[in-house]
Amino acid sequence: MSVRDFMTKNVITVHSAMPIFDAIDLMKKHDIHRLPVVDQQRLVGLITEGTIAEAMPSKATSLSVYEMNYLLNKTTVADIMLKKVTTIKPEALLEDAIAVMREENVGVLPVLADDELVGIITNNDIFDAFLKITGYYEGGTRVALEIIDDHSGVLAEITQLLADHQLSILTIVVNRMALKTIVEIQVESRQVSEIEKIFANAGYTVLSAVLTNQK
C-alpha cells in the first residue's frame, strides 16, 4: 500500500502573501490544522496551528490591543511559515511515511510528484489507514492465535482450515516475536464461539475471539 492510497488529494492551500488572519479563517472554515503554502504551483512552506500560536504576542507583552492588532494585520503567511518542509512521494510505501513522520517528529507530509503538490498525508490519515487495513469497520470475528511452532506454510494451514468450513477471511495480521508468533485473523462471520471451537479442535491456542466494530 502506498501513500497515494491514503493521502488527502483535494488539498486546501494558501499563498505566502496571504494575511495570517485570512489563513486562520480558512483553517476554521474547513476544520483543518495545517496549510501548505504554494506560490506559482510550487510548495514553498507550511503553516500549522503551532506556528500561528508561536507568532501570536505573549500575554506578558507590553503592547496595547491596538498595537497587537496592527502588527498582526501586517503579518503574512510568509512571515511565520516553516520554510524547510519534509515531503514524500505518492509512490512511497505507507510505512515509509510513518517512519519519516516519526524520525522528523512531524504530523503531516506534503506529497510531491515532480515538484507538484498532489496531496498531503497526516497522522489522522495514518490512523484511518490502520483501521481500514485491519478491517475494523468491516464487522466479523477477530481471532488471535498463539503459534509456538512457527514454520513454513503455517498461514496456508490456517487459511485452509477456514476454507474447509466455508469461512471467508477479511484480514490477517502476523506479529512475530522472539519466542512465539501471534496471528490475528478477521473472519466474515459473527459466530464467535463456533469459530473459536474450530481453531481449538484443530489444536490451535486461541488467545481471544471477539466481535469487531461494524458501522
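**A tour of the β6-β7-β5-β8 sheet**

Begin by selecting Leu155, Ile169, Ile172 and Val174, which together form a nonpolar surface patch with about 250 Å² of accessible area. Patch residues have over 30% relative accessible area and no salt bridge, with nonpolar side chains (Val, Leu, Ile, Met, Phe, Trp, Tyr) joined within 5 Å and like charges within 9 Å; areas come from the Shrake-Rupley method with a 1.4 Å probe, only the protein chains shown counting as cover; a salt bridge places a side-chain nitrogen of Lys or Arg within 4 Å of a carboxyl oxygen of Asp or Glu.

The model is predicted: local features need pLDDT of at least 70, side-chain atom pairs count only at pLDDT 80 or more, and totals for chains, interfaces and linings use all residues. Residues are numbered from 1 along each chain as its sequence is written, and side-chain values use heavy atoms, without hydrogens and water.

Strand β6 contributes the most to the patch, three residues (strands are DSSP runs of E, at least two residues, numbered from the N terminus). Within β6, Ile172 is partly exposed because its relative accessibility is 35%, between the limits of 20% (buried below) and 50% (exposed above).

Next, display the open, antiparallel four-stranded sheet, ordered β6-β7-β5-β8; pairing requires at least two DSSP bridges. Its edge strands, β6 (169-176) and β8 (205-211), each pair on one side only.

Now select β5 (residues 141-147), which six bridges join to the antiparallel β8. Thr141 has Leu211 of β8 as its bridge partner.

Finally, centre on Val206 in β8. Beyond neighbours within four places in sequence, Val206 contacts Val143, Ala144, Leu145, Glu196, Phe199 and Ala200 (heavy atoms within 4.5 Å).

Technical notes
Buried < 20%, exposed > 50% of the residue type's maximum accessible area, 1.4 Å probe, protein only.
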